[in-house]
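Biologist: I would like to learn how to read a few features of a model. Please take them in turn.

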Amino acid sequence: MRGKNRMKRVTLGILVSGRGSNLQAIIDNIEKGSLSAEIGVVISDQADAFSLERARKHDIPAVHISAKGYRGRRDEYDAHLVEELRRRGADLVILAGFMRIITPTLIKAFPNRIMNIHPALLPSFPGLHVQKAAIEHGSRFSGCTVHFVDEGMDTGPIIIQAVVPVLDNDTEDALSARILAQEHKIFSRAIQLYAEGRLTVKGRRVFVANPEDKGGEFLINP
Ligand code: GRF
């Protein structure tokens, strides 16, 4: 029975709002066999999100849950998300460009089971438009972070980061594109570590059971 359980694929519930390039990278890695997961559902708060088309193209259930009418009642909206995620058997919730602040209703339903990707090296540059902020600040390095979601804004325990240099002639678009290429790698990597049962959260820190990898170096720019 134990062996059988270990073979069980993690079922992902993926929340999106837009173009879905991270979603596509996850789909591609699953199809290639480098990510042992399945996608139970993709949920968008935007009816016209390209992400929904991407999901449907791969026969993945794609659902639009409109946030209209939930002004000031974000927790009620999140209760709908929880209901749908549970109905589709989600073990792990993936925020792949989901442009809403989520509430304790969702976080408590999936404690340390929600992952987000952020296009900066947290805790520097939380929030929005962070690639531009990194350039304007004069940072020499930026990058991206996969972290578990807690009740703060981009504050949860960090799982993996990738570092990307900021070049003198960088534009927001150029830096964003180089960061995005790393996002596509580290998100799947973090999900795979979760699927293998190798992640343990202790306080703010995430420990990875990795006897075969020296010093966890593989967690930076994998
Ligand atoms: C990415 O930059 C991600 O870091 C941020 O939202 C963007 C989503 O892009 N959270 P995409 O929809 O996955 O292409």
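Biologist: Where is H129 found?

Modeller: H129 is in the loop between β5 and α6. Helices (H or I, at least four residues) and strands (E, at least two) are DSSP runs, numbered from the N terminus. This is a predicted model, in which local features need pLDDT of at least 70 and side-chain atom pairs count only at pLDDT 80 or more, while totals for chains, interfaces and linings use all residues. Residues are numbered from 1 along each chain as its sequence is written, and side-chain values use heavy atoms, with hydrogens and water left out.

Biologist: What is phi of H129 near?

Modeller: Most residues other than glycine have a negative phi, and most peptide bonds are trans. For H129, phi is near 55 degrees, a positive value. F125 also has a positive phi, near 55 degrees, and F125 sits in the loop between β5 and α6.

Biologist: Which peptide bond is cis?

Modeller: The bond from L122 to P123 is cis, with omega near 10 degrees. P123 belongs to the loop between β5 (114-118) and α6.

Biologist: At what angle do the axes of α6 and α7 cross?

Modeller: Axes are lines fitted to C-alpha atoms, for helices over the stretch in contact, and angles run from 0 to 180 degrees between N-to-C directions. Here the axes of α6 (residues 130-137) and α7 (residues 172-195) cross at roughly 115 degrees and come within 9 Å.

Biologist: Which residues make that contact?

Modeller: Contact means heavy atoms within 4.5 Å. On α6 the residues are Q131, K132 and I135; on α7 they are E172, L175, S176 and I179.

Biologist: Which residues surround the ligand?

Modeller: A residue is near a molecule if one of its heavy atoms lies within 4 Å of it. Around the ligand are R19, G20, S21, N22, G97, I117, H118, P119 and E183.

Biologist: How far is an N or O atom in the side chain of R19 from an oxygen atom of the ligand?

Modeller: A polar contact is a pair of N or O atoms within 3.5 Å. For the R19 side chain the distance to a ligand oxygen is 2.5 Å. A backbone N or O atom of G20 is 2.8 Å from a ligand oxygen, and for a backbone N or O atom of N22 the distance is 2.8 Å.

Methods: A polar contact is a pair of N or O atoms within 3.5 Å; within protein, one must be able to donate a hydrogen and the other to accept it, and residues adjacent in sequence count only if both atoms are side-chain atoms.
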